[in-house]
Every structure is written in structure tokens, then in C-alpha cells.
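The entries follow in the order in which I looked things up.

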Amino acid sequence: GRARTAPSPVIAVATSAAMSATMSLSQAPARCLGQRRLSSVRRAPKALRARPALVTRRGDRTHDLTTPRAAVEISVAYAVAQQDLFFAATVAGECLYQQSNLPSDFKGRPEFPKIVLPCALLVGSFVAIQTDNSVLSPGGLVLGCAASILSGKMFLERFDAIKDDGMDWPGPRIFPGTGILFSLFVFLANAEALPRIFDGR
């Protein structure tokens with residue numbers, strides 16, 4: 001037979017390069033899969049470390065939800081309570097002043113027995129609102145409304161009983177007239193605070 005001829009060096013080099021490229025292509029998916037597994041293993045501790053933070057945040061949210069709110073907003077409660085107490089002192093002081101300046105037979109002269117109930121309700125309203133209790137604080141606002149209505153009725157009766165001669169201005173009617181306005185303001189303050197009960201605004 002014929003003698004075999006040795007392959008040329010160029011063909012041998014090309015064949016070796018083709019085999020190397022084929023092996024690299026066959027190993028590429030395995031390398032990519034190994035790198036993905038390695039990256040997932042490296043990221044796993046971070047995920048595990050992040051879980052306690054999520055648990056802590058959920059615990060904080062639960063704690064916030066279970067924290068009891070004030071029955072009435074603190075700033076509103078203090079303002080209304082102080083206004084009720086100040087109005088009680090004003091009613092008592094005006095009665096004392098008028099009794100010392102007006103004669104006993106003067107029509108429209110204030111009397112202490114008539115101011116006892118409104119002043120007592122106003123003081124009770126002040127104490128009840130300051131307790132910040134879910135039952136007593138709203139009850140204090142209701143007491144403030146009732147006391148302002150009673151005091152307004154008392155001042156209105158005195159205003160009608162005093163005769164205006166037109167010569168003395170503003171005259172004795174200025175005191176019960178101002179008392180009517182104060183009673184209205186106190187009533188509105190207590191009534192407007194009622195919708196804010198159990199409200200976080």
C-alpha cells in the first residue's frame with residue numbers, strides 16, 4: 001500500500017485550537033452555575049442577618065399599635081381645663097365684686113347660692129379633664145358644657161332684670177353681658193373638644 005503522510009503543522013495547530021474551544025464551551029455552563037451558587041451562598045448570611053431587623057420592626061409596630069392613646073389631645077385638654085377653671089374664678093369674683101358695690105335691693109344683683117352649682121361643675125370639669133381617663137375626660141367636657149349653659153342662663157336673667165336708663169353707659173349691664181359672652185366661649189371650647197376624643201390629630 002501507499003505510505004501515510006504526516007499531517008502538516010498548520011492542520012495540527014488548528015485541530016488543537018478547535019478541541020480547546022469545544023471543551024471551554026462545554027464547561028462554561030458549569031462554571032456559571034458554580035459562580036451563581038457561590039454568590040447565593042455569599043448572600044445568604046446577609047439575608048439571615050436582615051431577618052432579625054424585620055422581626056424587630058414588626059415588634060415595634062405591634063408595640064406602637066398597642067400603646068394607649070390619650071383620651072383627649074394633651075394640648076387641647078390643658079387649654080380647655082384651664083379655661084373652665086378661669087371662668088369659675090371669674091364668675092365667683094364678679095359675684096363678690098357686685099355684692100360689695102350694689103345695694104341689696106338692686107335688681108340683677110348676683111347671689112352666691114345661684115353661682116354655686118355652675119362654679120362647682122366648672123371645677124369638676126377641670127379635675128375630670130386632667131385625669132386623662134377615657135371616661136372621666138369626656139365627662140369633664142360634658143360638665144363644662146353644662147356649667148357654661150347654667151352660667152349663661154344666670155347672666156341672661158340678670159341682664160334682663162337690670163333696667164337700662166340710657167344715661168349711664170355701659171352701666172351695670174356690662175357685667176352680665178360680658179358673662180354671657182364668656183359662657184358662650186367656654187361652651188364652644190368644651191363642645192369643640194368632644195370630637196377630638198380618642199383622636200391622634
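Entry 1. I began with helix 2 and helix 4, which pack at an angle of about 25° with their axes 11 Å apart. By the cut-offs (under 35 degrees roughly parallel, over 145 roughly antiparallel, 65 to 115 roughly perpendicular, the rest oblique), helix 2 is therefore roughly parallel to helix 4. Axes here are lines fitted to C-alpha atoms, for helices over the stretch in contact, and angles run from 0 to 180 degrees between N-to-C directions. Helices are DSSP runs (H or I, at least four residues), numbered from the N terminus.

I noted the ground rules: the model is predicted, local features need pLDDT of at least 70, side-chain atom pairs count only at pLDDT 80 or more, and totals for chains, interfaces and linings use all residues. Residues are numbered from 1 along each chain as its sequence is written, and side-chain values use heavy atoms, with hydrogens and water left out.

Entry 2. I looked up the handedness and found that helix 2 passes helix 4 in a left-handed crossing (the near helix is turned anticlockwise from the far one by less than a right angle). For contacts (heavy atoms within 4.5 Å), I listed Val80, Asp84, Phe87, Val91, Glu94 and Gln98 in helix 2 against Leu141, Gly144, Ser151, Met154, Phe155 and Arg158 in helix 4. By class, this contact has six nonpolar, three polar and three charged residues. The classes are nonpolar (Ala, Val, Leu, Ile, Met, Phe, Trp, Tyr, Cys and Pro), charged (Asp, Glu, Lys and Arg) and polar (the others, Gly among them).

Entry 3. I searched the whole structure for salt bridges (a side-chain nitrogen of Lys or Arg within 4 Å of a carboxyl oxygen of Asp or Glu) and got two. In one of them, the side chains of Glu94 and Arg158 meet at 2.8 Å, N to O. Glu94 lies in helix 2 and Arg158 in helix 4 (residues 136–161), so the pair ties together parts that are 64 residues apart in sequence.

Entry 4. I then took helix 2 with helix 3 (residues 112–130): the angle is about 160° and the axes are 8 Å apart. That makes helix 2 roughly antiparallel to helix 3. The crossing is left-handed, and the contact residues divide into 18 nonpolar, four polar and one charged.

Entry 5. The axes of helix 2 (residues 74–101) and helix 5 (residues 174–193) come within 10 Å and cross at roughly 160°. Helix 2 is thus roughly antiparallel to helix 5.

Entry 6. I checked confidence last: mean pLDDT (the predictor's confidence in each residue, from 0 to 100) is 74 for the protein chain, and 58% of its residues reach 70 or more.

Methods: Helices (H or I, at least four residues) and strands (E, at least two) are DSSP runs, numbered from the N terminus.
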